Amino acid sequence: MSAFTTTLDESVALVTFDLPGEPVNKLSNAVKVEFEALLIRLRDDAEVRAVVLISGKPDSFIAGADIEEFTALTTQAEAERLSFEGQEMVSRVEILPKPVVAAIHGACLGGGLELALACHYRIATDHPKTQLGLPEVQLGLIPGAGGCQRLPRLIGASSALDMILTGRSERAAKAMRLGLVDEVVAPSILRPVALEAARRLLREGSTRRRSHGGVRELFLDRTPAGRRLVYRGARAAVLKRTGGHYPAPLAALEAVRVGLEHGVAAGLAEEHRAFGHLAVGDVSRKLVQIFFATTALKKDDGIAPGSAVPRQIRRLGVIGSGFMGAGIAGTAVLNVEVDTRLKDADLAKVGKGLKAAGGILGDRLKRRQITRPQHERLAGLLSGGIDYAGFSRADLVIEAVFEELELKRRVLAEVEAVTRPDTIFASNTSSIPIRDIAAAAVHPERVLGMHFFSPVEKMPLLEVIPTEATGPEAIVTAVRFGRRMGKTVIVVGDHPGFWVNRILSPYLNEAAMLLQEGVPIDAIDRTMTAWGFPVGPVALLDEVGLDVADKAAKVMYGAFGDRMEPAETLARMLAADRLGRKNAHGFYRYREGHKAGVDDSVYRLLQVRPGEDPDIALVERRLVYAMLNEAATACAEEVVRSARDGDIGAVFGIGFPAFRGGPLRMLDDVGASRAVETLHELQDAFGPRFRPAPALAEMARQGSRYYPA
Ligand code: NAI
């Protein structure tokens with residue numbers, strides 16, 4: 001079956017791309033072959049004088065290259081050839097002696113945008129699904145079909161680098177301001193406007209691209225000296241963001257630079273050379289694996305397929321309008337557009353929660369991600385009170401009250417008394433076993449955990465935690481609802497700390513022990529940010545709150561015994577009323593809400609003298625292996641259903657470096673036997689908490705792995 005159909009509309013060929021059997025349009029090898037043959041026919045057909053390229057899919061113009069094909073690449077030469085052929089195909093559009101108009105509705109990403117860039121005119125719809133961008137760096141690659149050449153020429157070097165090096169995509173209005181598209185229209189008139197544009201180009205008798213000069217095409221971009229400044233700034237920004245761990249943005253920068261300074265041919269050559277090198281490199285492989293894992297999770301409902309149907313959530317109840325409750329409510333309203341009722345103990349707290357939840361909507365309005373009427377409608381979905389008024393109609397209730405078992409049990413009993421028997425009840429507890437909360441439930445099949453991370457509107461992960469008694473309908477409903485809230489959802493076991501806090505706990509505790517040994521705060525944090533974490537463990541303790549971390553550490557100690565025995569550090573800090581960022585008093589100092597350097601008085605408090613010359617490699621090994629070993633233990637206890645879920649949880653839940661793939665992927669890379677050896681060394685030096693996980697030792701004996709080799 002062919003992917004393209006062509007109809008003739010008074011000498012304009014309307015080419016509709018609709019890849020059979022796929023939800024979105026992708027550029028694969030087969031598509032390329034068909035498209036190139038089509039281009040030749042269009043060129044040679046005397047009746048065709050202009051072309052409009054449009055998509056037959058509801059949400060995608062062209063979503064990008066077929067990434068599956070990348071994974072089949074085994075050599076650099078093969079990957080280079082793939083990029084080179086992409087460049088050729090795109091160039092054929094540009095040199096077609098007939099005007100080509102891209103009529104863009106839906107995702108226009110990666111190779112899709114590169115193709116659109118080669119067209120002679122671009123029209124985009126103002127629909128929120130219409131997104132234009134070059135996200136290749138997010139997969140450890142660079143735009144390899146001329147994107148590094150055409151984009152800077154169209155919108156200027158600084159704007160182009162901004163898009164290419166972050167991989168960020170833009171909506172039509174912004175694309176118009178940048179000069180990336182020529183016209184923005186409503187989806188309903190895209191086709192006639194595109195046909196008319198093609199006729200206009202015909203009348204004007206030109207396929208030469210017009211220069212638009214977007215707002216950001218600055219004077220800087222037009223002179224070599226100015227561009228040098230742009231390159232230098234872009235490079236510094238990349239290094240700051242990536243810590244030098246991700247080669248793709250720097251390679252893209254180089255491809256842009258070579259093209260602008262030495263001409264398109266040189267730029268294209270640099271582009272396919274770099275693409276080839278990156279595509280078979282380790283970082284890209286890891287990022288592509290993570291991409292596939294998240295894609296698979298989007299289709300994974302956490303239950304046996306077909307065993308239950310998700311309930312429709314028309315009304316959400318949130319109990320506790322504190323930090324988490326407000327975040328959950330605001331995010332649900334924003335992304336699910338669901339009628340949401342907040343409940344707290346007194347009106348002042350309700351008011352504060354409503355304000356915080358509304359702030360999430362206000363922020364989107366400010367960033368122009370929603371319009372004023374949209375904002376008004378969404379804000380109207382939020383309400384609150386101090387009683388259970390309106391809860392009888394709730395389909396899902398999420399509690400985020402204080403972390404106290406008795407309180408949570410009482411809240412569950414109250415909710416069961418006022419809601420329908422089929423209302424689903426989710427707890428956002430971070431450490432209390434769900435089965436304990438559900439112990440006295442009348443309908444335990446409706447009770448489960450939905451563990452969000454803070455801040456809810458930003459953190460991409462959700463852990464859904466069924467108990468033995470939870471029914472499949474509740475699970476699939478929670479998973480689907482979390483996904484609609486914009487989260488990547490993993491279903492995890494009802495074990496203390498679930499997955500993310502379980503593997504985080506020994507890592508943070510090890511950091512606390514290092515502090516107690518006098519390893520300087522900044523040495524610990526810098527070691528781990530250099531390793532690839534977004535923040536170091538000590539700064540993370542400050543963020544989480546030392547009271548919260550202390551409570552969690554005690555729960556873990558209670559559950560797992562000696563290997564999680566807490567260091568004294570947190571108790572000493574708490575005795576001095578140091579709670580971290582929340583009271584601007586932690587391991588770091590805070591000035592007007594901003595971190596302002598290490599607080600040296602902490603050392604006196606901990607009764608240590610900061611060491612002059614800590615063994616950084618050892619600090620790193622202790623912290624990393626504390627986490628890897630716990631991941632192996634928890635995985636063997638089936639806290640996660642698969643290594644895939646465990647790795648995604650670590651990457652999205654705690655910012656485990658994506659280029660390392662996740663803790664279990666990393667254990668595979670190191671090799672179980674080498675990991676066990678390292679753990680034995682650490683055990684000899686620091687005690688039994690480093691005893692290798694029995695499952696890992698077994699894997700070492702058998703030479704087995706988490707993922708197929
Ligand atoms: P918070 O202290 O900001 O909010 C708790 C709210 O619950 C307060 O507004 C309080 O007035 C209210 N509340 C207490 N009893 C109530 C009752 N009977 N009825 C209605 N409201 C009541 O606490 P936060 O940080 O929002 O935590 C809430 C829950 O979320 C806890 O279980 C916590 O473990 C969990 N959690 C917290 C995370 C965090 O980073 N803060 C992350 C993930 C989970």
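Strands β11 (residues 315-319) and β12 (residues 339-343) run parallel and are joined by five bridges. Within this pair, Gly317 has Arg341 of β12 as its bridge partner. The model described here is predicted.

Both strands belong to an open sheet of eight strands with mixed pairing, ordered β13-β12-β11-β14-β15-β16-β17-β18. At its edges stand β13 (382-385) and β18 (488-491); each has a single partner strand, so one side of each lacks a neighbour in the sheet. From one strand to the next, the twist averages 25°.

Two helices pack on this sheet. Helix α19 touches β11, β14 (396-399), β15 (424-427), β16 (447-452), β17 (461-466) and β18. Helix α27 touches β17 and β18.

A further open sheet is formed by four strands in the order β4-β6-β8-β9, again with mixed pairing. Its edge strands, β4 (60-62) and β9 (169-171), each pair on one side only. Here the twist averages 20° from one strand to the next. β4 pairs with strand β6 (residues 107-109) in the parallel sense over two bridges, and Ser60 stands opposite Ala107 in β6. Helix α4 packs on this sheet and touches β4, β6 and β8 (131-133).

| α19 (residues 472-484) | β16 | about 20° |

Conventions:
Residues are numbered from 1 along each chain as its sequence is written. This is a predicted model: local features need pLDDT of at least 70, side-chain atom pairs count only at pLDDT 80 or more; totals for chains, interfaces and linings use all residues. Side-chain values use heavy atoms; hydrogens and water are left out. Two strands pair if DSSP finds at least two bridges between them. Axes are lines fitted to C-alpha atoms, for helices over the stretch in contact, and angles run from 0 to 180 degrees between N-to-C directions. Contact means heavy atoms within 4.5 Å.
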